[in-house]
Protein chains: 2
Amino acid sequence: MKNLSTLILVLIVFQVNAQQRNLAEKLGYAPNDKLLIIHADDIGLAHSENIATVAAMKNGVVNSTSIMMPSPWATEVAELVKDMPDIDLGVHITLTDEWFNYRWGPISSKSEVSGLVGEDGYFHFDCASVAQNASPEEVEKEMRAQIDAAIAIGIKPTHLDSHMGCVFSGRPEFVASYLRLAEEYGIPAMVVEELYQGVVVPNQELFAGIDLNQVKIVDNVAIGSPEIYDSIGLSAYYTDLLKNLQPGLNVLLIHVAYDDEEMRAITTRFDHWHARWRQKDFDFFTSERAKKLLEENNIKLVTWKEIGKL
Amino acid sequence: MKNLSTLILVLIVFQVNAQQRNLAEKLGYAPNDKLLIIHADDIGLAHSENIATVAAMKNGVVNSTSIMMPSPWATEVAELVKDMPDIDLGVHITLTDEWFNYRWGPISSKSEVSGLVGEDGYFHFDCASVAQNASPEEVEKEMRAQIDAAIAIGIKPTHLDSHMGCVFSGRPEFVASYLRLAEEYGIPAMVVEELYQGVVVPNQELFAGIDLNQVKIVDNVAIGSPEIYDSIGLSAYYTDLLKNLQPGLNVLLIHVAYDDEEMRAITTRFDHWHARWRQKDFDFFTSERAKKLLEENNIKLVTWKEIGKL
């Protein structure tokens, strides 16, 4: 039984600094404006995730998403977003498959990225296994394959981010490859680190040799956690977050799917990040209340595409 | 748009001969008894297919199935059948992925079976592409990988059969490998040929060099067809089939799933073999009517496991 805490994807929150004020201003906003990306992770994971995420973007306030290319449902995304030429759609670099009964592996040839593959022939369940077994060359090869596969099905990736934060699971070479690929493909990469319970500690070693001035850094990244889910609940958390959003560039990471048979089966034996959780995210971010909260709190939605143009 | 007729899986119907009479008798039945395997293809394809097939085996008259190992839902099958130690469960050798928005590829390393993989990195859509592009070595490697993968998740395969009949798509080496693997693993392999609209023509060249006396041959294999679906309908077809079943060993191939959101999405743009078709198969073979038809017509259900023991 793997430790569910490894699923907690928490992000480095860098101090607001001069560079960030510049970023907001470069986007055409005042330095004190509250900018927000409402980002639905995991599109491509399942049919349920696909149709719910697209619906939440068309009818709700979700304005960005990123795709898991190793999943069998990835190609459906290309079809579903055909009428959304301006969609903010990145590649959710996926190096694991954390589900118990729904298993897939790398896009690359398994023999060429054998460190990413477990004895059962699928991806490892967690980031620690990736860091322990995969070489930097294998990780870069697979990341590139995923970006190329997205492009091959007609997607124009607007950004990169990292599923479960595995890119930040301990090896600085993974981070360097991730940032190098973002540069090569001319898109921003979200800088993410797997931390526990929101503790904010930029990891110096992990970013050794990287010029952080060249990295697009967001001021604040928020995500629901198991602790939040079990205490005040997601809806209260999101409401509070939107009411108290700080000035600068914020990213809110959510996971949108329907609480249906498919998603319940995929997330079997998970106490969090499951079908009910994803349905709650869908319900909140397609509600009139969410729209009102954005208006009342003068929150401006921005996209990775806009950031990438800078 | 691929030709849907390629999906029609029709099986060589050998003439009833002395060998067959022996087979029935060896199973403990009289030569004129009507023996039937009600076989649900495609378990593993999807969660919907998995739970419906298991339900149809537990509560209905379906008594045999075979698993598609390259699908992401294959591992769920091992969990679902844990309380069914005597299940008749073979490996449904899968060399294609015919669906439009639900895509996967080989279990083997792609670079080692590149002829099985299309430019998009997934399996080819149809058997003709397999015959045209894959080498006998690649096909044997992938067949073996699928059997080994089934064993690795705790399944004890009772037989082999061939999804869409691709093993019989034109190259005699594929057939030879398939029969050789069955012998090696000590299980029967259903002898299948992709023919069109039930025309029965044993293909001499395809079986060149094979001693057909060593092959377990069924007397009659039946399967619904698009023509049947569009005319009298599946229910009338199955009723008629059970009322007029011939003596000897018969196999009826069906496809069982629920007409739910997942299965409708998988079978999108298919006019046949779709979610509604599979729900109809489920409904018929879990009905009291099907049970009565078996009783009234004195049909005896047998399994591949029994045949394998001979």
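How many salt bridges are there between chain B and chain A? I count two. A salt bridge here is a side-chain nitrogen of Lys or Arg within 4 Å of a carboxyl oxygen of Asp or Glu.

**Ground rules.** I am working on a predicted model, where local features need pLDDT of at least 70, side-chain atom pairs count only at pLDDT 80 or more, and totals for chains, interfaces and linings use all residues. Residues are numbered from 1 along each chain as written, chains are lettered from A in the order written, and side-chain values use heavy atoms, without hydrogens or water.

**Interface of B with A.** I looked up B:Glu79 and found a salt bridge to A:Arg269, with the closest N and O atoms 2.9 Å apart. I then took polar contacts: N or O atoms within 3.5 Å, one able to donate a hydrogen and the other to accept it within protein, with sequence neighbours counted only if both atoms are side-chain atoms. There are 16 such residue pairs between chain B and chain A, both residues at pLDDT 80 or more.

Helices next, as DSSP runs (H or I, at least four residues), numbered from the N terminus. Helix 2 (47–59), helix 3 (74–80) and helix 9 (261–266) of chain B each give two or more residues to the side that touches chain A. Helix 9 gives the most, four residues. By class, that side of chain B has 12 nonpolar, five polar and eight charged residues. I count Ala, Val, Leu, Ile, Met, Phe, Trp, Tyr, Cys and Pro as nonpolar, Asp, Glu, Lys and Arg as charged, and the others, Gly among them, as polar.

In contact terms (heavy atoms within 4.5 Å), 25 residues of chain B meet 25 residues of chain A. The two chains bury about 2100 Å² between them, 50% of it on carbon and sulfur atoms. Buried area is the accessible area (1.4 Å probe) lost on putting the two parts together, summed over both. In chain B, B:Pro72, B:Trp73 and B:Asn101 lose the most area to chain A, together 26% of what that side buries.

**Within helix 5 of chain A.** I checked A:Arg144 and A:Glu140. Their side chains meet in a salt bridge (3.7 Å, N to O). Both lie in helix 5 of chain A, four residues apart, about one turn of the helix. Why would such side chains pair? Side chains of opposite charge can pair when their charged atoms come close.
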